[in-house]
Amino acid sequence: MSEALKEAKIAYDLGEVPIGAVVEKDGVIIGRGHNLTEQLKDPTAHAEMLALRQAARQLGGWRLLGCNLYVTAEPCAMCAGAIVWARIKKLYIGTMDPKGGACGSVFNIPQEPRLNHHVEIETGIMQQECQDILKAFFKELRKKKSEEIQL
């Protein structure tokens with residue numbers, strides 16, 4: 001998770017929502033990503049999607065069998081679906097998202113019994129650090145918005 005947090009810090013420095021993700025197979029990181037939705041003007045450029053894409057290129061195929069995904073915040077529905085389709089073995093989540101999370105909070109797509117693949121999930125990995133970077137980002141964003149309104 002510390003490597004995913006490094007990715008989240010890169011996103012933070014770029015002014016992106018600070019979420020980071022890494023895909024690991026046999027103890028080796030094969031995919032990394034951080035949010036780039038603003039930079040790329042792409043609603044699919046979430047940390048998880050970018051890490052999954054890089055891992056698929058590394059392995060030469062879309063099935064990421066035996067791979068684990070570490071992400072600093074609970075994935076959304078789009079990312080949760082991609083995690084299932086990529087056949088991720090285990091998902092490690094830093095902090096949950098009670099408003100938009102799709103891996104146990106609002107929905108639980110990776111463990112939906114009607115789907116053909118199920119992902120093991122473990123939450124609370126470096127939870128405080130993952131929460132702190134998000135809180136700092138949104139506090140700073142609210143301050144900027146408040147300053148803009150006062151102008």
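Predicted model: local features only at pLDDT ≥ 70, side-chain atom pairs only at ≥ 80, totals over all residues.

Reader: What makes up the protein chain, in helices and strands?

Author: There are five helices and five strands. Read from the N terminus, their order is α-β-β-α-α-β-α-β-β-α.

Reader: How do you know whether the radius of gyration agrees with a compact globule?

Author: Set the value against the rule. A compact globule with 151 residues would have a radius of gyration near 15 Å. The protein chain has 15 Å, so the value agrees. Along the principal axes, the C-alpha trace spans about 55 × 30 × 25 Å.

Reader: How much of the protein chain counts as buried?

Author: Of its 151 residues, 44% count as buried. Contacts tell another part of the story. Take those with a separation of 6 or more: residues 24 or more positions apart account for 55% of them.

Reader: Which domain does UniProt list, and for which residues?

Author: The UniProt record, an unreviewed entry, gives "domain: CMP/dCMP-type deaminase" for residues 1–122. Over residues 1–122 the chain is 31% helix and 24% strand. The end C-alpha atoms of that stretch are 12 Å apart.

Reader: Where does UniProt place the feature "binding site"?

Author: The unreviewed entry places it at His46, Cys76 and Cys79.

Reader: How do you know that these residues gather at one spot?

Author: Compare sequence with space. The residues span 34 residues in sequence. Yet no two of their C-alpha atoms are more than 9.2 Å apart, so they gather at one spot. Of these residues, His46 and Cys76 are included in the lining of the largest pocket.

Reader: Why is histidine 46 called partly exposed?

Author: Its relative accessibility is 21%. Partly exposed covers values between the buried limit, under 20%, and the exposed limit, over 50%. Histidine 46 therefore counts as partly exposed. Histidine 46 lies in the loop between helix 2 (37–40) and helix 3 (47–59). Beyond residues up to four places away in sequence, histidine 46 touches Asn35, Thr37, Cys76, Met78 and Cys79.

Reader: And cysteine 79: why is it called buried?

Author: Cysteine 79 has 0% relative accessibility, so it counts as buried. Its place is in helix 4 (residues 77–85). Leaving aside neighbours within four places in sequence, cysteine 79 is in contact with His46, Glu48 and Met49.

Reader: Which residues of helix 4 are buried, and what covers them?

Author: In helix 4, Cys79, Ala80, Gly81, Ala82, Ile83 and Val84 are buried. Their cover includes helix 3, strand 3 (67–73) and strand 4.

Reader: How much space lies in the largest pocket, and which residues are closest to its centre?

Author: The largest pocket holds about 520 Å³ of space. It is lined by 20 residues, and the closest to its centre are Ala73, Met96, Asp97, Leu134 and Phe138. Helix 5 (residues 127–150) gives the largest share of the lining, five residues. By class, the lining has nine nonpolar, five polar and six charged residues.

Reader: Why is aspartate 97 called partly exposed?

Author: Its relative accessible area is 29%. Aspartate 97 sits in the loop between strand 4 (90–95) and strand 5 (120–123). Leaving aside neighbours within four places in sequence, aspartate 97 is in contact with Glu74 and Ser105.

Reader: What makes the phi of lysine 41 worth a remark?

Author: Most residues other than glycine have a negative phi. Lysine 41 has a positive phi of about 55°, although it is not a glycine. Lysine 41 is found in the loop between helix 2 and helix 3. With a relative accessible area of 69%, lysine 41 passes the cut-off of over 50%, so it is exposed.

Reader: Where is arginine 87, and what is its phi?

Author: Arginine 87 is in the loop between helix 4 and strand 4. Just after helix 4, arginine 87 takes a positive phi of about 65°. Arginine 87 is not a glycine either.

Reader: Is arginine 87 buried or exposed?

Author: The relative accessibility of arginine 87 is 18%. Buried means under 20%, so arginine 87 counts as buried.

Terms used. Residues numbered from 1 in each chain as written. Heavy atoms only, no water. 1 Å grid on protein atoms, 1.4 Å probe; cavity = no way out; pocket = protein on both sides within 12 Å on 5 of 7 lines; lining within 4 Å. Points joined across faces, edges and corners; volume = space filled by probe spheres on them. Helix = DSSP H or I, 4+ residues; strand = E, 2+ residues; numbered from the N terminus. Nonpolar A, V, L, I, M, F, W, Y, C, P; charged D, E, K, R; others polar. UniProt positions renumbered as here; feature names shortened; annotations may be inferred. Buried < 20%, exposed > 50% of the residue type's maximum accessible area, 1.4 Å probe, protein only. Contact = heavy atoms within 4.5 Å. Rg over C-alpha atoms; globule rule 2.2 N^0.38 Å.
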